[in-house]
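Trainee: I am new to this structure and would be grateful for a guided reading. May we proceed by question and answer?

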Amino acid sequence: MTARAKALVSIAIAASLSFSGCQAVKQGAADIIASTGKVSREDAQSLVRTAEVVRSTFAEITEEEEYYIGRATAALILSKYMPYRNEALNSYVNVMGTILAYNSDRPETYGGYHFLVLDTDEVNAMAAPGGFIFVTKGLVRRCGDEETLAAILAHEIGHVAERHGLQSIKKSRLLDAFKVIGSEASRQFNSEELAKVTGIFEGVLGDVVETLVERGYDRKFEYEADKLALSFAVRTGYSPGGLAEFLVGMEEHKPSGTAAGWFKTHPSPADRLVRVKTETAVLGAAPAKLDVRTARFAEAAKNLR
Amino acid sequence: MKKPARLTFLIAAVLAVFVFLLAETVVVKIKTTSLRRDPKFTAPIVAAIKAGDSLEKLEARDGWVKVKTKAGVVGWLHSTAVESKKLGLLAMDKTMKTQASAGEVALAAKGFNKQVEDKYRAGNAAADFAAVDAMEKVRPTPAEVEAFMKEGKLGEFGGSR
């Protein structure tokens, strides 16, 4: 066999290893690669290691893990806020949100997108990882039409699509988790591992919930979600004006004292408005607002006041 | 192992990997989703699929992939619902490593999963998972989605642009 053929074989074997989690197979493969005589044993083992799964950043949190982080985050949000018992409004928000998600950059998530109106007069919207999206009754009341609510939902979908929530998890916590989780193919933890991983999971939830509810995302994530909101809304067929309209309304209702809720967790509406106007200008021809949509929004939101 | 036998094994290994890659298998990474007749979410559903299902990739277009199931059903899926097994080989290239790693783990390893959630729930009674379960149960039907789009002149039913 030529050296080139041997190298090809080595690469093929190393690649096939990424489909195998078994240590014996890995060692066997390193032996075979080394036995070609052209690659030292150390290099062979390093080649095998390269093909192994090594996780270190938020980008490597799997879809399924994101779903479980999202579920628990949502469970914690729902320990602070009650769902708003209004089936017609919840159904309206879910259908609209689903269509906006279909037109986003990430229409499919492990458990899908789900939307819920929270029973509070506070004006706020939050997205837990994986697609659990909340808007408050107070926020829906603040929206004048379907375009505005669509913009808010699209903004939250943008946070999910870009995995902004997961980026609030402390890196050291992720490294700890990945170390315990390891890369073996078994799906069951022993009790010691389970206690450790659950402890880390609690820390992860602390990071995410603190960001969503208390501290807010990094400003650059909010601006990015605004940009995505415009794009997803327009792709869906909405006028891009909804976001600007909402921000103008929020600027007018800015509290004079200490910022709380939405005002605490988001950059100033005026700052966002400047960017949103620039982004809207570059969109070019976009759909117009339609009376039929404004009318059905009014119908869905009629019992709010 | 005698030399010719080892050579045969190595050639077979290379062939196996390349045949595997040529077939271009994609794996579903979404808990449950639908295979559709055309590359759009409003197209009729032709099959239900679930996480871990292996599908043969036939074609890719505008963010959608055309696939064939083991049962021979052909349909379209959004590309965010699947991942290519081919990334395993590309993992050799450092720039592709992240995707490959996440992908392999998604399909094989333990992580933050049901077992961890159950343990967490046992110690955190205040976290309202029942409300989350109720939230997850709300899933608009294709008919509701289509009616909403039609009435509001959204998506393919629009024209106000």
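**Confidence and burial**

Mentor: In this predicted model, pLDDT (the predictor's confidence in each residue, from 0 to 100) stays under 50 over residues 87-108 of chain B, for which the model has 40 contacts (heavy atoms within 4.5 Å) beyond four places in sequence. Residues are numbered from 1 along each chain as written, and chains are lettered from A and ligands numbered from 1 in written order. Local features need pLDDT of at least 70, side-chain atom pairs count only at pLDDT 80 or more, totals for chains, interfaces and linings use all residues, and side-chain values use heavy atoms, without hydrogens and water.

Trainee: Which element of chain B has the lowest mean pLDDT?

Mentor: Chain B averages a pLDDT of 83, and 78% of the residues score at least 70. Among its elements (DSSP runs numbered from the N terminus: helices, H or I, of at least four residues; strands, E, of at least two), strand β6 (residues 74-78) has the highest mean, 98. The lowest, 43, belongs to helix α3 (residues 97-108) of chain B.

Trainee: How many residues of α5(A) are buried?

Mentor: Buried means under 20% relative accessible area, with a 1.4 Å probe and protein chains only. The buried residues of α5(A) pack against elements including α7 (146-161) of chain A and α6 (142-151) of chain B. Helix α5(A) is largely enclosed by the rest of the structure, because the buried residues number 12 of the 16.

Trainee: Is Thr265(A) buried or exposed?

Mentor: Thr265(A) lies in helix α12 (residues 261-265) of chain A. Its contacts beyond four places in sequence include Asn124(A) and Tyr217(A). With a relative accessible area of 4%, Thr265(A) is buried.

Note on methods. Buried means under 20% relative accessible area, exposed over 50%, partly exposed in between (1.4 Å probe, protein chains only).
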